[in-house]
Each structure stands twice: as C-alpha cells, then as structure tokens.
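Hi,

Here is the structure I said I would pass on. Have a look at it first, and my notes follow below.

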Amino acid sequence: MTDTQANVQSQIQPQVPTIGVVRAVNSGDSLVIQDLKTADSPKVEYSLSHLTVPRLGYHGSNDKPPTKDLPFAWESREFLRSKCIGKKVQFFTDYTAPTGKKFISVFLYDDLENSLNKQMIQEGWASLYRSTTGKENKKPEYLNLIQLESEAISKELGIHNKNPIAITNSIRPIHTINSFDLFNKLKGKQLTAVVEQIRNASSYRVTITPSFHTFLVQLSGVQCPGYKKDNNNQMQPEPFALEAESFISKNLLHRDVQLTLDTFDKQGNLFGTIKCADRDVACELLKNGLGTYVPWSGVTRSAPDQMLLKQAEETAKGQGLRVWHQVSTPSSSSSSSSSSSSSSSSSNEPYPKEIDGKVVDIGNNGTIGILCDDRKEYKVTLASIRVPNFTKPSEKEDKDSKFERYYAYEAKEWLRKRLIGQKVIAKLEFIRPTIAANNLPEKPYYSVFLGKGNVSLGLVEAGLARLTEHKGADNRAIDYEALITAENKAKKKHSGLYSNKDSAPSFNVNDVSSEDKNLKAKAQKLLPHIRGIMLPSVVDYVFSAQRVKLFIEKESCMINFTMSGIRAPRRDENEELSNQALSFSREHLHQHDVHIQIEDIDKGGNFIGTLIIGNKNFALSLVEMGFASIYDPMNRLSDYQRFEDAENKAKSSRLNLWKNYDPEEEQRVANQKAAAEEERKQQQKAENGEAYIRAIVSPTELYLQFVNSKTKDIESQLASLDINNEDSTIVAMPKVGDIIKFKSDHDKKWHRSKITSIADGKISVNLIDLGERESFPQSQSSSLIRNINHKLQGLPSLVTLVKLASCKNPSNDDIYNDAMDFMEKEFLDLKVGVNIVRDIDGTQHVLLTDNAGIINSELVRNGLVRVDRSTKLSSIQQLQEEEQKAKSKRLGVWRFGDVDSDDEDDNKPRSNFKGKSGFKGNKPTPKK
C-alpha cells in the first residue's frame, strides 16, 4: 500500500468497522446487510458512498405498468451482486443523509485493500456523484476515484460504453406473455434464474436469464405457513410463517438458482422446482419442518423427487420439528400423519374446489366434461343425484331396463341441449372417501351452475334424475333441501322417471356405425332414405378432424359420416397436427346440433357429404384453420372457389398444415405432376392400339401384351440377356416378393417370375411376362427356381393388367366359371383393339374390340358380367342398353329376373375355384 493510499484510508474509514453479511443487492449502489453482532440482527439497506448508478426498471403490477431499465442498470447490479451476495463484508459509515439513510464504504472481508465502491468505479459500472457545492473535490480519496473514473471513461468501460448496439442490448426487454404461454414455452427446461423477491416462504419473484422473463413462481410439492385474517380483519402470520420466510430470505434472496417449471393452476399461478447450490429448496423446507407436502403439485415432479420430499417430511415429523412440534410419540405421529393426509385429501387437491370453463362433453350417469381456459378438461360427477345409465339394448331386456334406458337418453339430451358449448362453474361439494369393501376409489362430487341456476335442480325437477339417499353423517350437496323439493314436484307431476312404466316410449336405434362385416350392406340399404336431403343431426363422437359419428333422430339411426371435399392429416402422417385438428373438431362439433346432406357412401360404409354448423360448412372451417386441404377427385364441392380462397389464405398465413409451406416448391411439384400426367397421356395414347390377350385373371381382368415398339424393345433385351442360361445360382432361401427365374411345367422354359406366397409346403409364382400363375412343391425349388440377373430384374413386364371398363364380375360361381370358359375359348391369345378409357388407382380401364365388335358389350349382352355403375365412365350408357337386352332374355346372371343386388360387387378373381360346372342359363354361342 502506498503512503498516499494509507493516508486516504485513514481519512475516510472510521476506526471501528462494522462486520456483516450481504443479504440482498437491490441495485448497483444498494446493499442489504445483516450485522453479525447477534443472530437476530435486523437487515438494513445501505447505499455505497460517492456512487451514481443507472436505475433498474419496475417489474409492474395489476395497477402499475412495468418500466424499462436505464442502460446498463442490470449489468451494474449483477457485477455488484456477483461480488458480494451472501458474503462476509466489513463496512464504514461515511455519512448519513437527512432521511436517515447511511452511505458506506464496504470491503469484502477477504479483500480489505479494494473497496466495492472503488471496484464499481474502476470497472465502469458506476459514475461519481458530484454535489452542487463540490466540497468532496478537495478530499484525496475522492480525487483518487476521479482518476479511476477518467480511466474507465477513456476505455469506455461499463456504463461509459458509447456503442449504440451495446446500449440497446443492455436494456432488459419487457415481456407481456401470459403465464400459460410462458409455461408452454419454458416447461421442462432447466432454467437459470435470479430470485428477485420473496413474497412468502414458498412463493418468489424470479428473473430468468438471459431471456429476462420475470414472473412469480411457487414451489411444487410444499406448502409453508402463511397469513390469515384475525377477528379484526387484520392479516396475522401463522405459527412459523416468519421463521420460514427468514430461512428463505437468508438462503435464497438474490441468489442464482436452477428452476424447472412443473405445472400451473387455472388462475395462471406457476409451480416449479427450485434448486440453489444443488440443494432442493422444497426438500430443505420440509426437512426443517417449515412446510407440509402437497400431493397435487408434488406429483408433477419426478418419482425420485417425490420420494425425497415425502422422506423429508417424515423426518421432520419424526423429530417433531416446528409445524410438527405437537408430534411427540409414535402413536401420535401416526395419528397426525393420518389427519394431515385426510386434510390434504379433502381440502387441497387433487380435486379443485371450483372449475370454470366450457362444457365439451355429456357422458353417462350425468357426467359432464368441462374444458377450462388453461385447456385442462375435468370430468365432473353431479353431487347428491343419480342419473340413469345409458346402456345398449340386449335381447333379454325387461320392461324396467327399457324404461331406464329411455330416460337415460332423455337425461343426456336434456343436459346436452342446455350445456354443451356453454360456460359453467362447477363447485366442489364433497369428496367420497375410498370404500374398500366395494372396491370404490375416492371420488369428488360437484354442483354445476349455468349462470346462477343449479343444473341438478332442473334435472331432478324434470324427473330425469333421482336423489341419492345419503346416510345421517354423509356429506351432501349444499342445495340438498332444494333438491328434495324439486324431486317432490316431479313425483306429483309424474314426470320422467316417476311416470307410468307401461306407457313409457321405447328408445331403439338402427346402428349403422358399429364395425361389422355387414356395415356396408346396412349403409347401402339406408342410403336411399336419407340421400340428398338436409337432415338435422347430433354429433355423437368425433373420430378425427373430418370423420364423426352422427345420430339422426328423424330416422332413429346412428351413422359414420365423413366430410367430403377435404383431406385432414392422418395420425401416421403427422401425429401432432392430427391431434390438434382432432381437438379443434372435437371442441366445435362434439355433441353439437348440426345439419348434414348426404351424397354417397364409401367402401368402408361411411356416409359422405356436407356438414353444416352455425350456417357454415365445417369442412370450410377446417380448411381456413389449416387443418385440412382440398381433396375433391369426384368434383363434389359446389362452392369450390370459397374453399380455394380459404386454402390460399391458410397457406399465406402458414397455418398448421402449411407451417412449412413453400410456394416455389409447390409450383415445382405441380410442374412435375403436369409433366408426369402428360407423359402418362402420351404413353396411354401410344398404348391405344392393338394387343394380345395373354392371360385371363377373371371375367373382367386380363393381361394384355401391347403390339408396339416398347414391347419389341423389351423382347429384344430379354433375348439378348439369355434367360434360358442354366448357369445361374440356386435360390438358397426363397422369400415372398423375390424376383427369380422359374422353369414352367408347361413349356419347360425359364421365365421371369415373382414369388407370391410360400405356404403348406408349396411355392406360388406369377410369371410376370405371361400373367400366368403356377405352384410347385417347395422341395423342388432347387431345380425349378434360380437367381436372376439384375438387368433382367429391372426390365418392365411384357404384359399389363387391365380391367374391362364399366364391368364387374358376377357373384354367382356358376356364371363366373362359364364366363371364364367363354373368355378362354374365345379370346385367349386373340389380337384385339384397345381403347384406354381411364386410369383408376393405377389400373387401366379399357374397351376391347375384335372383328365382331366391343368385347365388353358382348359379355354384358350375354349376361356373363354386370355393368359397374360406380365407375361413372363414358362407356356406361352403351353397356346399360346391352344389359337391358340380357335382362329381357334372362341370360346369365339375369336368369331369375332382375335381382339387381348391390351385394354383387366382387371384382376379384376366385381363389377357391375347384372346376367349371355347366352353365345354368342360356349359354352364349361360341364365335366361329
């Protein structure tokens, strides 16, 4: 130390220093220090002498908006806090302001050479205070500080930084995000924070770094003693409340902590886990008997954390610490623990005392689903009443069961019509304890209020619910007396459940929604009665964003319904978006009244059409929200332009499905599709010509070998690669799907083939250049199949599978077999003309012609196949005329008259065909 520094110290430092611990750092020049003379010395706020620092902004409150920091205010405070928080210091009072505030020079106890005042000036985090009189300019210690400040200014340190970007970045942003969004943004993350304020022992205001979100957080899994109003309406601390706060302030205030947000409640209060110096704050409070374990928030933490919290509480109980001071013996400890558990169960959680939200579901037995603003859904059971259970009818149903089921439906409808989509408040009435004898768990019961009206009262008065017969000491609804009055009124009026069972109507539903093999047949039978008309319906269940189950009361039927004109993402494509779309549809459709207009049914027995809610097509709403895209291959959308405008708007807003939408990429894909379509058309045009019928799979499915340059090229390549070469290797382990070469039993030649099945000791193959199928014993595989050259594998097939346009197979086996006989005798290996009508799902639908005319027409005219009206191809009109001729002559499938059954829809080859029996109708005349 120089003589000058020693002289400066002797003039500014009192002879007797004060020793204390820094408990808080409020700003760059303000410290809260606790004197170490006694254990309960008060904490006093001091200001550092000769310093001026930028002020921190105010965090804001309900009646006062937040304010911004001055530049570098946060860094100034943080520099000082990092130096001294929680550390032992020695300080000297330099002077006292008229207000009584003391200004000090303060030194870290392990560095008595450099005061914190000096370090703040030297590092540029404070400027010198200059009074109007300028008296301090004559003091040597002040002159030394002036020199240090000049050096900091010249180096542009700290607050003297002139860089505009640095100045802007030094001001903490003011965040206006609400607590729910904040939780979703930060949940599950390990956050670094500074505890800025202690509201009570388990609730703190924290600032997250470096994002500077400032908010209140409560500890998960612990409840500390707080404050209650006394008889004079004054807030008074509960026992050990002040001690708990002191414990937290001493160890947590202005300390760096690690925070994990665990959960939140409907008021938006955030709950989290806080660790300071690797010690769990909640665990420390419980271990010292300064709090009790809270199960509902504790369960949001990990299983090991929950175990530690419970063990900490048990340790404090066993030692009788503080809040457990009355626990003195093992027996009383057990009693207290039981009492605490009961109290916690009945007063805290996991059942909220009040649920404020929108009704989204009406279940059986009067269960009501309520969705709160925080997106949490509660299933609420009504207190003190019993609503009939809605069950499916059974074959041996008695009169009482039918009666109960009818009024169960009426009760559910009464609640649905009044509550669905409405804002309600559910108030906790009581919690039924566990009934071990009946294996019944603990269960909460609520009263639900729509406005000021108790829903239970209206339900009972309508005769749609009975009162629960409580025992003397049982808990019950607060309006139990009013419920008794309402029930008596229903009895006097013989309403609902109190009416005559003999005169009660029955409730029967034609279920066309359950999954069974006859679902499509049921749907086809119902379709003519409900097609094309606007029907009022109720959405019973939402399967996905666009598929629902509907109840049509007019027809007393339940159907599955899919909205036409759109396509929503499936779960296997995008699970998160699919769930979001489902939630949107469920919230807006589930159990709502809608109108539908049915257009058709799909192959799964689902009805297809338009669903209207609130005078708006709901499919359009899905497109607007980006939860669906336009998909209208059958041109069913009457207002296509509105859908297209809605989709374009969702794309431009990057909503949901279009989150990563790239217009340029879409254009590239569209161009590629257009090019592919043009190529397909050119290919199809080239294939419109002549072909040989090489194989007949069914009366309507054939393998054609087109007569064109492409076929000749493939034949040429096959010949050059010499498939009949015997030198290829044996297939060691044949598998389904393998492309191999197979020696046919018919011509003893090798053919390119694909293994289609291996079962019962046999291998089945498809000869891909002939369209034929053969099987052989698996034991002969070494001699009959060989590995094939990869060049041969890559060549296209010589034959193409096609379907006769607008034709479908007969369902009668006899007619089917005769049709196959006729086709094989008359057309196999015949050269025919080919006209490709349309490509449907990758299969070409064709019209075939020979010298006698159109083969499709000939088969229909002879009653060997039927007209397939579902394809809606241009060729259908001519074929329908030929079908009328077959009907009038009772040929083939029409031998018993016009049975026109929609069940005859089999377009697949018969795998169980054992041989061809004689033709039972008028057999067609073979061609000459």
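Before I go on, a word on what you are looking at. This is a predicted model, where local features need pLDDT of at least 70 and side-chain atom pairs count only at pLDDT 80 or more, while totals for chains, interfaces and linings use all residues. Residues are numbered from 1 along each chain as its sequence is written, and side-chain values use heavy atoms, with hydrogens and water left out.

Back to Thr-214, which sits in strand 11 (helices, H or I of at least four residues, and strands, E of at least two, are DSSP runs numbered from the N terminus). Thr-214 is partly exposed, at 33% relative accessible area; buried means under 20%, exposed over 50%, and partly exposed in between, using a 1.4 Å probe and protein chains only. The side chains of Thr-214 and Thr-207 are joined by a polar contact of 3.1 Å. That term stands for a pair of N or O atoms within 3.5 Å; within protein, one must be able to donate a hydrogen and the other to accept it, and residues adjacent in sequence count only if both atoms are side-chain atoms. Ile-174 is 40 residues away from Thr-214 along the chain, yet their C-alpha atoms are separated by 8.7 Å.

In the one between strand 10 (203–209) and strand 11 you will find Pro-210, and the peptide bond between Thr-209 and Pro-210 is cis, with omega about 5°. In the other, between strand 11 (214–219) and strand 12 (222–223), is Ser-220. Ser-220 is buried, with 0% relative accessible area, and its side chain makes a polar contact of 2.9 Å with the side chain of Asp-262.

Zooming out, the protein chain has 25 helices and 48 strands. Of its 928 residues, 45% are buried. Take the contacts between residues at least 6 apart in sequence: 62% of them join residues at least 24 apart.

Helix 15 is worth a look. After the helix comes Gly-532, with a positive phi near 80°.

Strand 28 has two partners to mention. With strand 32 it pairs in the antiparallel sense over five bridges (two strands pair if DSSP finds at least two bridges between them), and Met-534 has Gln-597 in strand 32 as its bridge partner. With strand 29, strand 28 pairs antiparallel over four bridges, with Tyr-541 opposite Lys-549. A hairpin of four residues links strand 28 to strand 29.

Further along is an open sheet of five strands, antiparallel, in the order 41-40-39-38-42. Its edges are strand 41 (772–777) and strand 42 (785–786), each pairing on one side only. Strand 38 (residues 739–743) and strand 39 (residues 750–759) run antiparallel and are joined by five bridges; there, Lys-741 has Arg-752 in strand 39 as its bridge partner.

Two phi values to check: most residues other than glycine have a negative phi. Ser-556 has a positive one near 50°; it lies in the loop between strand 29 and strand 30 and is partly exposed at 23%. Asp-760 also has a positive phi, near 55°; it lies in the loop between strand 39 and strand 40 (762–767) and is exposed at 81%.

Last, the cysteines. Cys-557 is buried at 0% relative accessible area, and Cys-807 counts as buried at 0% too. Searching the whole structure gives zero disulfides (pairs of cysteine sulfur atoms within 2.5 Å).

Cheers

Definitions and conventions: Contact means heavy atoms within 4.5 Å.
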